[in-house]
Amino acid sequence: MKKVYLDNAATTPVASEVKEAIEPYLTKKFGNASSVHSFGRDVRKEVELVREKVADLIGADDSQEVIFTSGGTEADNLSIKGVVMKNRDKGNHIITSAIEHHAVLHPCEYLEEYHDFDVTYLPVDEDGLVDPDDVAEAITDETILVSIMLANNEVGTIQPIAEIGEMLEDKDIYFHTDAVQAVGSIPVDVDELKVDLLSLSAHKFNGPKGIGACYIRKGTKIIPFMHGGAQERGLRASTENVPGIIGLGKAVELAAENLEEKQKEITRLRDKLISGIKDNIDEVTLNGHPTNRLPNNVNVSIRYIEGESLLLNLDLEGIAASSGSACTSGSLDPSHVLLAMDIPHEIAHGSLRLTLGKYTTEEEIDYVLEKLPEVVDRLRAMSPIYNKAE
Amino acid sequence: MYSDKVMDHFQNPRNVGEIKDADGVGEVGNPTCGDIMKMYIKVKDDVITDIKFKTFGCGAAVATSSITTEIVKGKTIKEAQELTNSQVAEELDGLPPEKMHCSNLAADALQKAINNYLGIEDDDVCTHCEDIPEGH
C-alpha cells in the first residue's frame, strides 16, 4: 500500500546524510568529549564545530551561547526554570501564552504550584496570534521572564516575536522563544528576534531524536537543573551525546542549504493542499493564520466528523496525519490551542493537521487530495449531525 | 491500540443508517463532548426486528454502536434491556481503558430507543460524559 507521511511536525525521518555522519561516532570515534587523550580530543573538536554550525544557523554571535540538550523539551525547561529560579530576587512573575507547547506550559504550571510564581497566560486571536500590546500590558514590576513560541506546532501560526523582543529590549526582563517548529523550516535569527533564550530540536528537521539545543545569550543569569559533571559550561551535566550532536550538526547543515528556495517549494505544496481540500470538501475551515504560518503546516477543521475516526480511516489509506480531537489527546477536551483560538468544541473535534516535510512530493499531495474527500464522505454519511445540517 | 474486532467494526460498520418509520429512537451525547449516537429500532411482537445507527465519534464509538446493533438484533426487548456496557466491550475483545466510556454511549442510546418505544420519559442527559473518569 502507498504510504504518505504528513506528520512532520511530530517528527521527521533522519536524512541519509545525517545517518552517515553519525555512524563513525558510534564505533571508532566513540571517545568521551571530556577526556584528555586523543580519543576524547578528536571528538571534542567535532562537537565544538557543531556548536558553531548551530550558532551560525540562528545568528548567535558566539558559539558558547549554544548549549546542547536532549531536545526541545529540555531546552524549554532549562530556559524557563533556569532563568526564573536564578532571578527570583527580582520578581516572581512569568508571562507566556495559552497556546504554548506543553513543554512550556507544564513547567510554568509547576512553578506556580510548587514555587509560588505567578504566571499570566495570554490569550490569542482567532488566527492564533499573540498581540504584542497584550504582552506589554501584562508586564508588572515582578515580571522576570516572557516566553512566547516562535511558531505554533499545531496550527503553524508564526508569532510577532521580533516586535515583542523590541518592546522588551530596554526592560530588565528575559525573553525566551520555543523555536522547535521554526528552526530548519524558516530563517531564524536571535538578534533580529531580540530573544535571550531559544529552544530547538534536531528531530524536527531530519536530525536524530534525543538531541536539541538551547541558545542562551551571553550575560543571561541562569542556573542549571541537571546537576553533575561540568559539561556544557556547567549548565548541563551529563556526558555529551556525541552521535546526537554530530547528527544535529549535519541536519543543521542540510537545513541551511537553500533554505529560502526550499521554503518556497514547500509553501507551494502546502497551498495546493489547502486549496485542494477547500475545493473538494464543503464546510472546511483553515485553522491558524492564513499567510503568517509555517510553510509546511496545514490545519483544517472538517465539520460533522470526528478527528480520531478520520485519522484511523486515513491511516487505512496509508496516510499519516494528526488531529486536535479530544479522542487523540487522551483527555476530555480537544486541543488547548484550538480552544484558545475560540474554535468551538465540535469544530475542534474535527480538526486535521497535515504537516509536510523535506521528502514530501507533489504526487503524495495529489494522493491525499484524492483520498481525503472519499474518507470524509464515508464518515459524514455515518454522522447524525451531518443529517441535521441538511 | 484497538483490537482487530474493533477495527473490523470500525472499517465495516454494520447497520449504519436510519429507519424512517422507527418504533423507537434514542439519541445520546452532544457535539461538545465529541460523541453523538442515534439509534433506531423496529419492534414486532416484542422482538427487535431491525436496528440502525448513526454516530459522530471516535473509532471506539463507531465500533461499539455497530456491535450493539449486531448483538440485539433479533433479541426481545427484555433481553436487550439487559445489555450492559461491559458486555459490549467484551464482544469487541476489549477496549483501551480511556475508551471504555464509549461503550456506555452505545448501551445508553439503545436503552433510550427502547424507552422511547415503551413510552418511558427519560432525562436528556449526556450520561457517558459524566461517567468519564478524571484524566480521560
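Predicted model: local features only at pLDDT ≥ 70, side-chain atom pairs only at ≥ 80, totals over all residues.
Visitor: Why is A:Thr143 called buried?

Guide: A:Thr143 has a relative accessible area of 4%, and buried means under 20%, so the value falls within the cut-off and A:Thr143 counts as buried. This residue is found in strand E5 of chain A, which spans residues 143-147.

Visitor: What makes the pair A:Thr143 and A:His93 a polar contact?

Guide: The side chains of A:Thr143 and A:His93 are joined at 2.7 Å, and because the definition asks for N or O atoms within 3.5 Å, one able to donate a hydrogen and the other to accept it, the pair qualifies as a polar contact. A polar atom of the A:Thr143 side chain also lies 2.8 Å from the backbone nitrogen of A:Thr140.

Visitor: Which residues does A:Thr143 touch, leaving aside those up to four places away in sequence?

Guide: Under that condition A:Thr143 touches A:His93, A:Ile95, A:Ala138, A:Asp172 and A:Ile173. Of these, A:Ile173 is 30 residues from A:Thr143 in sequence, while their C-alpha atoms are 6.6 Å apart in space.

Visitor: How do you know that strand E2 of chain A pairs with strand E8 of chain A?

Guide: Four bridges join E2 (residues 66-69) of chain A to E8 (residues 212-216) of chain A, and since two strands pair if at least two bridges are found between them, these strands count as paired. They run antiparallel, and within this pairing the bridge partner of A:Ile67 is A:Cys214 in E8.

Visitor: What makes both faces of strand E2 of chain A covered?

Guide: A:Val66 and A:Phe68 on one side, and A:Ile67 and A:Thr69 on the other, are all buried. In a regular strand the side chains alternate between the two faces of the sheet.

Visitor: Why is the link between A:Glu308 and B:Lys99 called a salt bridge?

Guide: The side chains of A:Glu308 and B:Lys99 meet at 2.8 Å, N to O, and because a salt bridge requires a Lys or Arg side-chain nitrogen within 4 Å of an Asp or Glu carboxyl oxygen, the pair meets the definition. Across the interface of chain B and chain A the rule finds one salt bridge and seven residue pairs in polar contact. On the side of chain B that touches chain A, the residues divide into 14 nonpolar, eight polar and five charged.

Visitor: How much area is buried between chain B and chain A, and which residues of chain B lose the most?

Guide: About 2000 Å² is buried between the two chains, with carbon and sulfur atoms giving 67% of that area. In chain B, B:Phe10, B:Lys54 and B:Phe56 lose the most area to chain A, together 28% of what that side buries.

Visitor: What makes B:Arg14 partly exposed rather than buried?

Guide: B:Arg14 has a relative accessible area of 23%, and since buried means under 20% and exposed over 50%, B:Arg14 is therefore partly exposed. The side chain of B:Arg14 meets that of B:Asp8 in a salt bridge of 2.8 Å, N to O, and B:Asp8, at 29% relative accessibility, also counts as partly exposed.

Terms used:
Residues numbered from 1 in each chain as written. Chains lettered and ligands numbered in written order. Heavy atoms only, no water. Buried < 20%, exposed > 50% of the residue type's maximum accessible area, 1.4 Å probe, protein only. Contact = heavy atoms within 4.5 Å. Buried area = accessible area lost by both parts, 1.4 Å probe. Nonpolar A, V, L, I, M, F, W, Y, C, P; charged D, E, K, R; others polar.
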